[in-house]
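Dear colleague,

I am passing on the structure we discussed, and below it you will find my notes on what was found in it. Please read them with the structure open beside you.

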Amino acid sequence: MQGGSSGIGYGLKYQARCISDVKADRDHTSFLTGTLSLKEENEVHLLRLSSGGSELLCEGLFSHPNEIWDLASSPFDQRIFSTVFSTGDSYGAAIWQIPEPYGQSNSSTLECVASLDAHVGKINCVLWCPSGNSDKLISMDEQNLVFWSLDSSKKNAEVLSKESAGMRHSLSGGAWNPHDVNSVAATSESSIQFWDLRTMKKNNSIERAHVRNVDYNLKREHILVSADDESGIHLWDLRKTKFPVQELPGHTHWTWAVRCNPEYEELILSVGTDSAVNLWFASASSEHKTSESPVEASRQRVNPLLNSYTDYEDSVYGLAWSSREPWIFASLSYDGRVVIESVKPFLPRR
């Protein structure tokens, strides 16, 4: 099944690239998104899906001093999040706290909890430890990984360790392994690197050109999904990385990001610069490939694309599943359009 979309829309005032699920909000389906305007005061919007699921409401509007290039919500405190930002001349990263009380009637000022100021050059992302109650962070610039310990009450972030990826590698992003808090995957121009945080050393890599984004499968311990600029989407079994266990076509232009569903292991979302969001059904492990019938295997290889959402007029960069309602996702196009969709018609039978 393929076609357009009938999602719930919300428009930001300026251009934007990043959106994050607020995992620590157990009572609401919430997302944080931030704008990317060079000339105007930027904004962070706290969005919540109404109880009936028919409206996307702005529960908080906050001013942010610079262009937001990366945004990630803390998994242990719904009021805390990180941003990577640009002043036009340089890059920075910081941890912010949403003030209380807040509302959409006026633009509240965020409280800066800590600056992640151990970088020189372009910072690409901040990763929160996925354990949910940890105060650990990773920040990456093009050459370095920095491991942090955050103390929100004292408004302090301490560098635990820092390591260079080497001059031959330009890091672009990564993902923290939810099955092993000592392991982080980092993407570069020529490979996916796997780092052991106990030693801050690389212990494995997948040689792959132009990997744009990676995500771990929360339900399958050894499965990593990668998005490549030109060659689509690949599923990797990290116990044997010579070849991917499955390949998906991706997008008609660059595949920008991939996200594995937090509950349904077969569902993967991807976004691209072709102004589309694609929903895929993918066997999440190499064992599945040998156990399924030839008819089932053929069907998955022929058309793993469940749906293509095309309610966009610009490149789609931001993507987040809801951890509270895992059949819901939010996407964000560069023109500042947020769309909430439900994949309930495509959920696997259980």
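In strand 16, Ala185 is the bridge partner of Ala175, and five bridges join strand 16 to strand 15 (residues 171-176), the two running antiparallel. Strands here are DSSP runs of E with at least two residues, helices are runs of H or I with at least four residues, and both are numbered from the N terminus; two strands are said to pair if DSSP finds at least two bridges between them. Please bear in mind that this is a predicted model, in which local features need pLDDT of at least 70 and side-chain atom pairs count only at pLDDT 80 or more, while totals for chains, interfaces and linings use all residues. Residues are numbered from 1 along each chain as its sequence is written, and side-chain values use heavy atoms, with hydrogens and water left out.

Strand 15 and strand 16 form a hairpin with six residues between them, and strand 16 forms a hairpin with strand 17 (residues 191-196) as well, there with two residues between the strands. The pairing of strand 16 with strand 17 is antiparallel over five bridges, and in strand 17 the bridge partner of Ser183 is Asp196. Six of the six residues of strand 16 (residues 183-188) are buried, so this strand is largely enclosed by the rest of the structure; buried means under 20% relative accessible area, exposed over 50%, and partly exposed in between, with a 1.4 Å probe and protein chains only. Both faces of strand 16 are covered, with Ser183, Ala185 and Thr187 buried on one side and Val184, Ala186 and Ser188 buried on the other.

Gly166 lies in the loop between strand 14 (156-164) and strand 15, where Gly166 is partly exposed, with a relative accessible area of 24%. The C-alpha atoms of Gly166 and Pro262 are separated by 33 Å, the two residues being 96 residues apart along the chain. Ser149, which lies in strand 13 (residues 144-151), is buried, with a relative accessible area of 16%. Leaving aside neighbours within four places in sequence, Ser149 is in contact (heavy atoms within 4.5 Å) with Asp135, Lys136, Asn156, Ala157, Glu158 and Leu160.

Turning to another sheet region, five strands make an open sheet in the order 2-3-4-5-9, with mixed pairing. The edge strands of this sheet are strand 2 (16-21) and strand 9 (108-109), each of which pairs on one side only. Strand 4 (residues 42-49) and strand 5 (residues 56-64) pair in the antiparallel sense over eight bridges, and Leu49 has Leu56 in strand 5 as its bridge partner.

As for the protein as a whole, there are two helices and 29 strands. The radius of gyration is 19 Å, close to the 20 Å that the globule rule gives for 350 residues, so the protein is as compact as a globular protein of that length; the radius is taken over C-alpha atoms, and the rule is 2.2 Å times the number of residues to the power 0.38. The C-alpha atoms fill a box of roughly 60 × 50 × 35 Å, taken along the principal axes, and buried residues make up 58% of the 350 residues. Of the contacts with a separation of 6 or more, 50% are accounted for by residues 24 or more positions apart.

With best wishes
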